[in-house]
Amino acid sequence: MFSIRNMAETDGEEIEDLPPSAKLVFKVLEYDGPLTQKQIVQESMLSARTVRYALERLEEIGRVDEDIYFADARQSLYRLEEPVAADGSGVDESPKKDACCVE
């Protein structure tokens, strides 16, 4: 039976809460950039069905964006969404230099 408690638990879902296959797909996209589903299957060595499910889960939590793949319009191109801070601004993930090391 579905309850409000179950719905609330999935609303705050993050990468840590996803299955290992979704985490692997996330890492493949993080390292190799925008890829088609077929390319993700080749890179991750997961089945096509598993990759589809992982992409669905990542899209549900807003971590993956699906675009048109112009080389072959029958396929989609998947990329990671840019992280957004709580105030709505983009998060700068560049490494910070130590104050002692700044020239």
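Tutor: Met-45 sits in the loop between helix H3 (37-44) and H4. Helices here are DSSP runs of H or I with at least four residues, strands are runs of E with at least two, and both are numbered from the N terminus.

Student: Is Met-45 buried or exposed?
Tutor: Met-45 counts as exposed because its relative accessibility is 74%. The cut-offs are under 20% relative accessible area for buried, over 50% for exposed and partly exposed in between, with a 1.4 Å probe and protein chains only.

Student: What about phi of Met-45?
Tutor: Phi of Met-45 is near 60 degrees, a positive value in a residue other than glycine.

Student: Back up a bit, what kind of model is this?
Tutor: This is a predicted model, so local features need pLDDT of at least 70 and side-chain atom pairs count only at pLDDT 80 or more, while totals for chains, interfaces and linings use all residues. Residues are numbered from 1 along each chain as its sequence is written, and side-chain values use heavy atoms, with hydrogens and water left out.

Student: What pLDDT does the protein chain average?
Tutor: The average is 79, and 68% of the residues score at least 70. pLDDT is the predictor's confidence in each residue, from 0 to 100. Over residues 1-10 it stays under 50, and the model has 2 contacts for them beyond four places in sequence. Residues 94-99 are also below 50, with 1 contact beyond near neighbours in sequence. A contact means heavy atoms within 4.5 Å. Where pLDDT is low, the predicted coordinates should not be read in detail.

Student: Fine. How many helices and strands are there?
Tutor: The protein chain has 4 helices and 3 strands, and from the N terminus the elements run α-α-β-α-α-β-β.

Student: Which residues have the most contacts inside the largest nonpolar core?
Tutor: Those are Val-25, Leu-29, Ile-40, Leu-55 and Leu-58, in a core of 16 residues. A nonpolar core is a set of buried Ala, Val, Leu, Ile, Met, Phe, Trp, Tyr and Cys residues joined through side-chain atoms within 4.5 Å. Helices H2 (20-32) and H4 (48-60) each supply at least two residues of this core, and H2 gives the largest share, 5 residues.

Student: At what angle do H2 and H4 cross?
Tutor: Their axes cross at roughly 80 degrees and come within 8 Å. The axes are lines fitted to C-alpha atoms, for helices over the stretch in contact, and angles run from 0 to 180 degrees between N-to-C directions. H2 and H4 are therefore roughly perpendicular to each other, a label for 65 to 115 degrees; under 35 is roughly parallel, over 145 roughly antiparallel and the rest oblique.

Student: Now Val-64, where is that?
Tutor: Val-64 is in strand E2 (residues 64-68), and is buried, with a relative accessible area of 5%. Leaving aside neighbours within four places in sequence, Val-64 is in contact with several residues, including Leu-29, Leu-55, Leu-58 and Tyr-78. The C-alpha atoms of Val-64 and Arg-79 are 5.6 Å apart, though the two residues are 15 apart along the chain.

Student: And Thr-36, buried or exposed?
Tutor: Thr-36 counts as buried because its relative accessibility is 2%. Thr-36 is in strand E1 (residues 35-36), and beyond four places in sequence touches Tyr-69, Gln-75, Ser-76, Leu-77 and Tyr-78.
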